[in-house]
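Please look over the chain shown here before reading the notes on its geometry. The report is arranged by topic, moving from the whole chain to single residues.

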Amino acid sequence: MAVVAPLLALLWGLPGLCRWLAQPYYPLSALLAAAFLIVRKVPPLCRGLPSQREDGNPCDFDWREVEILMFLSAIVMMKNRRSITVEQHIGNIFMFSKVANAILFFRLDIRMGLLYLTLCIVFLMTCKPPLYMGPEYIKYFSDKTIDVSISPALGLLGGRCPRLPKPMPLWQEELERDRRVTWIVEFFANWSSECQSFAPIFADLSLKYNCSGLQFGKVDVGRYTDVSTRYKVSTSPLTKQLPTLILFQGGTEIMRRPQIDKKGRAVSWTFSEENVIREFNLNELYQKAKKQSKPREEGPEEPPAVPAAAPQETKKDK
C-alpha cells in the first residue's frame, strides 16, 4: 500500500500535470534552472570550459561549484517548509536555481554570466506565469465598478450646485448595499507569486462557503493604486502585504490578514486554507449567513386580501 497509494495519486493527477507542463512558462523556467548543469555536463558544450579540478576534467563540477549547489539545496529546503501548494514549491526551486546559475556562470566567465542574465530578464518580460482559471464564486471589482462614481444630477437645480458629500465608488457601495451581507475581499496583484499561489485556495473557499449572506470578492491593487492607498495595502516589489484578506461587515473593516504592526510592517502569516478558515471563523460565518438568508428567501408574508365593499346606492340612483 505504501507504493500503490503514491502511484494512484500520480495517475489521478497525470492529466492536470500534462496541462501544467504544456504551458510554456514552466518548461522554459526548468530549462533556465538547469542551464549550468547542461553546460557543465553535456560533452559537446563542456569542452574548453575552465575547471579547478585537479584532474582538469572540464565536464565535472569542481569543489567550489559543489559548495554553491549544496548551499542552494539548503536554501530551497528552508523556503519550502512554509510552502503550501505545488506551485510554491516549484516556484522556489526555479527562483533560487536561477540565482545559483547566475553566480556559477559569472564565476566561470563574465560573458556567459551576462548572457545568462540577459536571457533571464527577457524571460521575465515576455513570459508570465499562468493565472488560475478554475471554477470560483468570486466577484471581481473591475475598473468600471471602481472608477465610476455617483454623479450628481443638476438638471432641475436652476444652475445652482448644492454642496454634496464626496461621491462613493460603486464597488464600496456594493459592500454597503446590504449590511447583513459579509464580504471577504482579497487585495492582490497579478505579478505577485504569493497571490498566484493563493488564487486556487481562495477559489476553493468561495466554492465551499459562498452564499447570499457571505460573499467573496477580489480587487487588483496592482492595477488600481487608489484602492491600495485607501486601504493601506503596500504594492512595492518587496512587500509582504500581498495578498491581503479583509473581512467587511456592513461596509466596515472588521479584520485583516496579514496584520500590520506599529512600525507599518506586515506580520508574517501563512495563507493556507486551514489558517483562513480558522482565523476568519468561516464555519461560524457561514452558518450565521445561512440562517439570515432563509427569511429573505422565503419573503415576508403577504397580508390577507380585504374583500372589496359592495358599492352603495346614492340618492340619485334610488
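The sections below describe a predicted model.

## Overall make-up

The protein chain holds 14 helices and five strands, and of its 318 residues 34% are buried. When contacts between residues at least 6 apart in sequence are considered, 64% of them join residues at least 24 apart.

## The disulfide and the buried cysteines

One disulfide is counted in this model, formed by Cys46 and Cys59, whose sulfur atoms lie 1.7 Å apart and so fall within the 2.5 Å that a disulfide requires. The two partners are 13 residues apart and link distant parts of the chain, with Cys46 in helix 5 (residues 43-46) and Cys59 in the loop between helix 5 and helix 6 (63-80). The disulfide is right-handed because the torsion about the S-S bond of Cys46 and Cys59 is about 65°.

Both partners count as buried, given that Cys46 has a relative accessible area of 0% and Cys59 one of 14%. Two further cysteines are also buried, namely Cys195, with a relative accessible area of 4%, and Cys211, at 11% relative accessibility.

## Packing of helix 3 against helix 8

Two packed helices are described by the angle between their axes and the distance between the axes. For helix 3 (residues 25-33) and helix 8 (residues 110-126), the angle is about 165° and the axes are 11 Å apart. Angles over 145 degrees count as roughly antiparallel, and therefore helix 3 and helix 8 are roughly antiparallel to each other. The crossing in which helix 3 passes helix 8 is left-handed.

On the side of helix 3, the contact is made by Tyr25, Leu28, Ser29, Leu32 and Ala33, while helix 8 contributes Tyr116, Leu119, Cys120 and Phe123.

Glu253 belongs to strand 5 (residues 252-257) and is partly exposed, because its relative accessibility is 34%, a value between the 20% limit for buried and the 50% limit for exposed. Once its neighbours within four places in sequence are left aside, Glu253 is in contact with Tyr231, Ile246, Leu247 and Phe248. The C-alpha atom of Glu253 is separated by 9.8 Å from that of Ile184, a residue 69 residues apart from Glu253 along the chain.

## Backbone features in the loops

Lys232, which is not a glycine, has a positive phi of about 55°; Lys232 sits in the loop between helix 12 and strand 4 and is exposed, with a relative accessible area of 66%. Asn281, likewise a residue other than glycine, has a positive phi near 50°; Asn281 is placed in the loop between helix 13 and helix 14 (282-298), and at 41% relative accessibility Asn281 counts as partly exposed.

Methods:
Residues numbered from 1 in each chain as written. Predicted model: local features only at pLDDT ≥ 70, side-chain atom pairs only at ≥ 80, totals over all residues. Heavy atoms only, no water. Helix = DSSP H or I, 4+ residues; strand = E, 2+ residues; numbered from the N terminus. Buried < 20%, exposed > 50% of the residue type's maximum accessible area, 1.4 Å probe, protein only. Axes fitted to C-alpha atoms, helices over the stretch in contact; angles between N-to-C directions. Parallel < 35°, antiparallel > 145°, perpendicular 65-115°, else oblique. Left-handed = near helix turned anticlockwise from the far one by under 90°. Contact = heavy atoms within 4.5 Å.
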